[in-house]
Amino acid sequence: MASFTKIRISLLVLAASVLVAFAGNFYQEVDITWGDGRGKILNNGESLSLSLDKTSGSGLQSKKEYLFGKFDMQLKLVPGNSAGTVTTYYVKSPGTTWDEIDFEFLGNLSGDPYTVHTNVFTHGEGKREQQFHLWFDPTKDFHTYSILWNPRHILFSIDRIPIREFRNQESKGVLFPKNQPMRMYSTLWNADEWATRGGLVKTDWSQAPFTASYKSYNTEACIWSSGASSCSSSQSSNGAWLTQEMDLASQERLRWVQKNYMIYNYCTDFKRFPQGVPAECTTA
């Protein structure tokens, strides 16, 4: 119990410290790509909103492409009865054999927890879902959702607290996204055929428009342009994020989150994989 309390206090301290705003400007960093005015850049580029009604959702993408990076976004998710809605925040490459690293936030009835859905695609193949509930209400305030993607691993974090790691295990035959540049995307859309309790709870359109709020988008990344990376072949000039690993404290927080808040892990779904779970689940 003492260890549990100690970790929870450290998480709360980290959550408070992360609310310091970053300097990203949405006018400079993203384009709203669909939604017919339902996506709006506000406050001279300091904030942004995406909305969904019965006619359409909305979405954005980064102006730049990246080959490895650390992506931070502060989000405040759709409040109230958000059942049927999905808010996404992810990075993805184009094409039919794409790479993709996903945060998806599955709405729910008012008072029930959001489901945070994560996935990693390599060469068009996913099926690596892990899902979590949260230790806070993501609709009451902004929280920072981060994707770290470097040659060593992919790390999903919330308020600097790691919730999932996908390591590079190419030496053992596991594909890892490393060759295809990606853009950052975010969308808000209706998926009531599956999003909430497997589609049992439908979107209540009397609650529309549904709105998610954004601020403080920040990247530390290798920009991909004209077939070349902005990062030097000398890694010392590229920033610590490019070789960042988890320290012991981060590993302890990761175990705590997964023990207390993980609600689905593909690596333990033996009914789904009767011939054996994927290789990354069993290799060290």
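View 1. Helices here are DSSP runs of H or I with at least four residues, and strands are E runs of at least two, both numbered from the N terminus. You're looking at a predicted model, so local features need pLDDT of at least 70 and side-chain atom pairs count only at pLDDT 80 or more, while totals for chains, interfaces and linings use all residues. Residues are numbered from 1 along each chain as its sequence is written, and side-chain values use heavy atoms, with hydrogens and water left out. Of the chain's 284 residues, 51% count as buried (under 20% relative accessible area; exposed is over 50% and partly exposed in between, with a 1.4 Å probe and protein chains only). Take the contacts (heavy atoms within 4.5 Å) with a separation of 6 or more: 67% of them come from residues 24 or more positions apart.

**View 2. The largest nonpolar core holds 60 residues.** Such a core is a set of buried Ala, Val, Leu, Ile, Met, Phe, Trp, Tyr and Cys residues joined through side-chain atoms within 4.5 Å. Phe103, Phe105, Trp135, Tyr145 and Trp149 touch the most other members. Strand S5 (residues 65–76) supplies the largest share of this core, six residues. Zoom in on phenylalanine 105 and, not counting residues up to four places away in sequence, you'll find that the residues it touches include Leu75, Leu77, Val86, Tyr89, Tyr114, Val116 and Tyr145.

**View 3. Helix H3 spans residues 248–261.** With 14 residues, H3 reaches 20 Å from first C-alpha to last, close to the 20 Å expected at 1.5 Å a residue (the expected span is 1.5 Å times one less than the number of residues). Ser250, Arg253, Leu254, Trp256, Val257 and Tyr261 are its buried residues. Seen down the axis of H3, these buried residues fall within an arc of 165 degrees, so they line one face of the helix; the arc is taken over the directions from the helix axis to the C-beta atoms. Turned away from that buried side, another face carries the exposed Leu248, Arg255 and Lys259. At the start of H3, a side-chain oxygen of aspartate 247 comes to within 3.3 Å of the backbone nitrogen of alanine 249.

**View 4. Glutamate 165 sits in strand S12 (residues 161–167).** Its relative accessible area is 23%, so glutamate 165 is partly exposed. The side chain of glutamate 165 makes a polar contact of 2.7 Å with that of histidine 153 and another, also listed at 2.7 Å, with that of arginine 167. A polar contact is a pair of N or O atoms within 3.5 Å; within protein, one must be able to donate a hydrogen and the other to accept it, and residues adjacent in sequence count only if both atoms are side-chain atoms. Histidine 153 is 12 residues away from glutamate 165 in sequence and 6.9 Å away in space, C-alpha to C-alpha. Setting aside neighbours within four places, glutamate 165 is in contact with His153, Ile154, Leu155, Met246 and Leu254.

**View 5. Two disulfides turn up in a search of the whole structure.** The cut-off for a disulfide is a pair of cysteine sulfur atoms within 2.5 Å. Cysteine 222 and cysteine 231 form one, with sulfurs 1.9 Å apart, and both cysteines are buried. The S-S torsion of cysteine 222 and cysteine 231 is about -90 degrees, so this disulfide is left-handed. Cysteine 267 and cysteine 281 form a disulfide with sulfurs 1.9 Å apart; the torsion here is about -70 degrees, so the bridge is left-handed. This pair links distant parts of the chain, 14 residues apart: cysteine 267 is in the loop between strand S16 (262–265) and helix H4 (279–282), and cysteine 281 is in helix H4. Cysteine 267 is buried at 17% relative accessible area, while cysteine 281 is partly exposed at 22%.

View 6. Most residues other than glycine have a negative phi, and most peptide bonds are trans. Alanine 208 and proline 209 are joined by a cis peptide bond, with omega about 0 degrees. Proline 209 is in the loop between strand S13 (183–190) and strand S14 (210–225). Aspartate 36 isn't a glycine, yet it has a positive phi of about 50 degrees; aspartate 36 counts as exposed at 74% relative accessibility. Phenylalanine 68 also has a positive phi, near 85 degrees, but phenylalanine 68 counts as buried at 11% and lies in strand S5.
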